[in-house]
Amino acid sequence: MTTLHEPMVTGPDLSVWPASTEEPHTGAVTVGGVPLAEIADRFGTPVYVLDEGEVRERCRTYRDAFPDAEVLYAAKAFLCRAMADWIAGEGLGLDVCSAGELELAVSIGFPPERIVLHGNAKSPRDLETALRLGVGRIVIDSPSEIARLAAAVGPGGHQKVMVRVVPGISAGGHEKIRTGTDDQKFGLSIADGYAQHAIARILDQPQLELTGLHCHLGSQITSLKPYLAAVRRMVGLMARLHEQHGLVLPEIDLGGGHGIAYRPGEPALDLTALARRVRAELTESCTVAGLPVPRLIIEPGRAIVGPAGIAVYHVLAVKRTRDRTFVAVDGGMSDNPRPALYGVRYAPRLIGRHSAVAPAVVTVVGRHCEAGDLLAADVGLPGDVRPGDLLAVPVAGAYHLSMASGYNMVGRPPVVAVRDGLARLLVRRESLGDIRSRDVGL
């Protein structure tokens, strides 16, 4: 069975690291040909390292697996100007959720017609920016958006739209990231008729061109079954729309949510199998319904950038109690809120020196004044881990810095790209001067 990531390195402890990862001798871990300890010394810590080659290879893997589909990178996972440039260069489109993400992408020349705007509560600025810049599609998420968008487009204008429907499927690694059921804030339900009613209203707006249906089931999905069920339910809705309105929709968007492994041995979504089974299910369902097969759209985010990122921290303190050993680092929930939000677990690793001491069970914690500021609970690190050591956390590319906060005013870390033995700064560290400059209260 083929998965998205086949690491080049051997050994289970490096199986979730970027394919370019090497360890010429114990502790001397390099990514993209650059020693992580050297990056920490040059740029300080915490620092986020992004393997450009890994990002590009994962884009190509998606293009190869889905040659007839439109692949949109989900910018919410992580976006900076360099990332947008890599995505554009690899031929992917972009899925954005705000005017900020949209304007940043367009600022580097990303073709706006290859951008789709999402959001359950789009602001007037979001819509105005999308129309001004000419995005390819806007995904309607609630009935109130229809009249607002039609008015913003104007009687002589034209905008392609999709409708986000809720197929009533529960999938995802945590209840807070399951978005395909009727009890959450996204989309319009198929079961209660809200989706059909909204579509009828859109068809009454001549300046809005409905191109297809959209759904997103959740995040960290490792099973094929939810996607196949979603195809059947969405094609079923397409068949009813054809019967009621004579409507033939040319596109169907299955969103993203493709699960990845954060620790060795964890499951990941089989991308090759997903592409094959979804294509077969879509063809069969449309044949039964008597409909032409629409073009498939998918929106991977985490699966492209997540495994390409590594967070590097310095150990500040080691505290031993009767029951636990706490290893405190110089970052935490302000640069990675995921453990506090979803209880996710990572596999940190000591880098920069060799230790012959047997592993001990420790809990890696952050520096913030919050009991829930944990980065990795009950993990194995050398028993002699001490202040000044470097810890690296793999699979740190998605939903870390994109959800980073200003908690305790410590400043957000920089992002450094590595490739072919070279490291370059993509996003600089947020300084105390940056923080003070926003405070205009005196």
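Trainee: What is the handedness of the crossing where α8 passes α9?

Mentor: In this predicted model, α8 passes α9 in a right-handed crossing.

Trainee: At what angle do α8 and α9 pack, and how far apart are their axes?

Mentor: The angle between α8 and helix α9, which spans residues 271–289, is about 25°, and their axes are 9 Å apart. An angle under 35 degrees counts as roughly parallel, so α8 is roughly parallel to α9.

Trainee: Which residues in α8 and α9 meet?

Mentor: From α8, Tyr-227, Leu-228, Val-231, Arg-232, Val-235 and Ala-239 take part. They meet Leu-274, Arg-277, Val-278, Glu-281, Leu-282, Ser-285, Cys-286 and Ala-289 in α9. By class, the residues of this contact of α8 with α9 divide into 10 nonpolar, 1 polar and 3 charged.

Trainee: Cys-286 is in that list. How many disulfides does a search of the whole structure find?

Mentor: The search finds 0 disulfides. Cys-215 is in no disulfide, and its nearest cysteine sulfur, that of Cys-286, is 14 Å away.

Trainee: Is Cys-286 buried or exposed? And what about Cys-215, buried or exposed?

Mentor: Cys-286 counts as buried because its relative accessibility is 0%. Cys-215 is buried as well, with a relative accessible area of 0%.

Trainee: Back to α8. At what angle do the axes of α7 and α8 cross?

Mentor: The axes of helix α7 (residues 194–203) and helix α8 (residues 225–245) cross at roughly 45° and come within 12 Å. The two helices are therefore oblique to each other. The crossing in which α7 passes α8 is right-handed.

Trainee: Which residues make that contact?

Mentor: On the α7 side they are Ala-195, Gln-196, Ile-199, Ala-200 and Leu-203, and on the α8 side Leu-237, Arg-240, Leu-241 and His-245. The contact of α7 with α8 has 6 nonpolar, 2 polar and 1 charged residues.

Trainee: And helices α2 and α3: at what angle do their axes cross?

Mentor: Helix α2 (residues 52–65) and helix α3 (residues 81–89) have axes that cross at roughly 35° and come within 9 Å. In this pair α2 passes α3 in a right-handed crossing. Glu-52, Val-55, Arg-56 and Cys-59 of α2 make the contact with Met-83, Trp-86 and Ile-87 of α3. Those residues divide into 5 nonpolar, no polar and 2 charged.

Trainee: Changing topic to the backbone: which peptide bond is cis, with omega near -10°?

Mentor: The bond from Thr-45 to Pro-46 is cis, with omega near -10°. Pro-46 is found in the loop between α1 (36–43) and β3 (47–51). As background, most peptide bonds are trans, and most residues other than glycine have a negative phi.

Trainee: Where does Gln-220 lie, and what is its phi?

Mentor: Gln-220 lies in the loop between β10 (208–214) and α8. Its phi is positive, about 60°, although Gln-220 is not a glycine. With 17% relative accessibility, Gln-220 counts as buried.

Trainee: What is the phi of Tyr-399?

Mentor: Tyr-399 has a positive phi of about 60° and is not a glycine. Tyr-399 lies in the loop between β18 (390–394) and β19 (415–419), and is buried, with a relative accessible area of 12%.

Trainee: Now the strands. Which residues does Ile-298 touch, not counting residues up to four places away in sequence?

Mentor: Ile-298 lies in strand β12 (residues 295–298). With those sequence neighbours not counted, Ile-298 touches Tyr-62, Phe-66, Glu-70, Val-71, Leu-72, Asp-253, Gly-255 and His-258. At 3% relative accessibility, Ile-298 counts as buried.

Trainee: And Ala-423, buried or exposed?

Mentor: Ala-423 is buried, with a relative accessible area of 15%; its place is in strand β20 (residues 422–427). Leaving aside neighbours within four places in sequence, Ala-423 is in contact with Val-34, Ile-39, Arg-42, Phe-43, Val-416, Ala-417 and Val-418.

Notes:
Residues numbered from 1 in each chain as written. Predicted model: local features only at pLDDT ≥ 70, side-chain atom pairs only at ≥ 80, totals over all residues. Heavy atoms only, no water. Axes fitted to C-alpha atoms, helices over the stretch in contact; angles between N-to-C directions. Helix = DSSP H or I, 4+ residues; strand = E, 2+ residues; numbered from the N terminus. Parallel < 35°, antiparallel > 145°, perpendicular 65-115°, else oblique. Left-handed = near helix turned anticlockwise from the far one by under 90°. Contact = heavy atoms within 4.5 Å. Nonpolar A, V, L, I, M, F, W, Y, C, P; charged D, E, K, R; others polar. Buried < 20%, exposed > 50% of the residue type's maximum accessible area, 1.4 Å probe, protein only. Disulfide = S-S within 2.5 Å.
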